[in-house]
Amino acid sequence: QLPQLLEPQGVRAIRADSLPRAVEVLEANPIHVAVVDLALPAAPGSGSEAQQASATDHAERLPGGLKLLQVMRRMQQRPPAVVVVRGRKFDTRVDDFVLAEAMRLNVFSVMDQPVALEHMLCVLQRVMERFYGGHWPT
């Protein structure tokens, strides 16, 4: 719903359905705000089963969204603001690890699913105020 709501306001929203596609988008476009779903598949066509991991091997099998945060951190032209959306698809210890890692990577906000559209818009408004003087960047 978010892209359909923002595009009439002049905001270009780009969706990526996998980690490789998200990296392509980041490398090819200036991104002012990244909204990253931690459950983003690490590879095209991989489902949520591929994202689940036990507490003992979570460091080796990180969700694609967390890998994307790590990639963005190393990029020269990274988005100044990152909003993370997380669900409860992992066991509690892995979910706690993922949240701690996202916070270590300096995300602007972490939102739990299901995300209310109004809440997301409030977070995006705070991003605009903090990073762009209250106006969408051109």
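E24 counts as partly exposed, at 45% relative accessibility; buried means under 20% relative accessible area, exposed over 50%, and partly exposed in between (1.4 Å probe, protein chains only). The model is predicted: local features need pLDDT of at least 70, side-chain atom pairs count only at pLDDT 80 or more, and totals for chains, interfaces and linings use all residues. Residues are numbered from 1 along each chain as its sequence is written, and side-chain values use heavy atoms, with hydrogens and water left out.

**Salt bridges**

- A salt bridge is a side-chain nitrogen of Lys or Arg within 4 Å of a carboxyl oxygen of Asp or Glu, and by this rule the count comes to two.
- D112 forms a salt bridge with R86, and here the closest N and O atoms are 2.6 Å apart.
- This pair links distant parts of the chain, since D112 is in strand 3 and R86 in strand 2 (residues 81-86), 26 residues apart.
- D112 is partly exposed, at a relative accessible area of 39%, whereas R86 counts as buried at 9% relative accessibility.

**S109 in strand 3**

- S109 lies in strand 3, which covers residues 109-112.
- With a relative accessible area of 12%, S109 is buried.
- Apart from neighbours within four places in sequence, S109 is in contact (heavy atoms within 4.5 Å) with V82, V83, V84, V123 and R126.

**The whole protein**

- The protein has six helices and three strands; helices (H or I, at least four residues) and strands (E, at least two) are DSSP runs, numbered from the N terminus.
- Along the sequence, the pattern of the protein reads α-α-β-α-α-β-α-β-α.
- The protein has 138 residues, and 40% of them count as buried.
- Among contacts in the protein with a separation of 6 or more, 68% are between residues 24 or more positions apart.
- The accessible surface of the protein is about 8,400 Å², with 49% belonging to carbon and sulfur atoms; accessible areas come from the Shrake-Rupley method with a 1.4 Å probe, and for residues only the protein chains shown count as cover.
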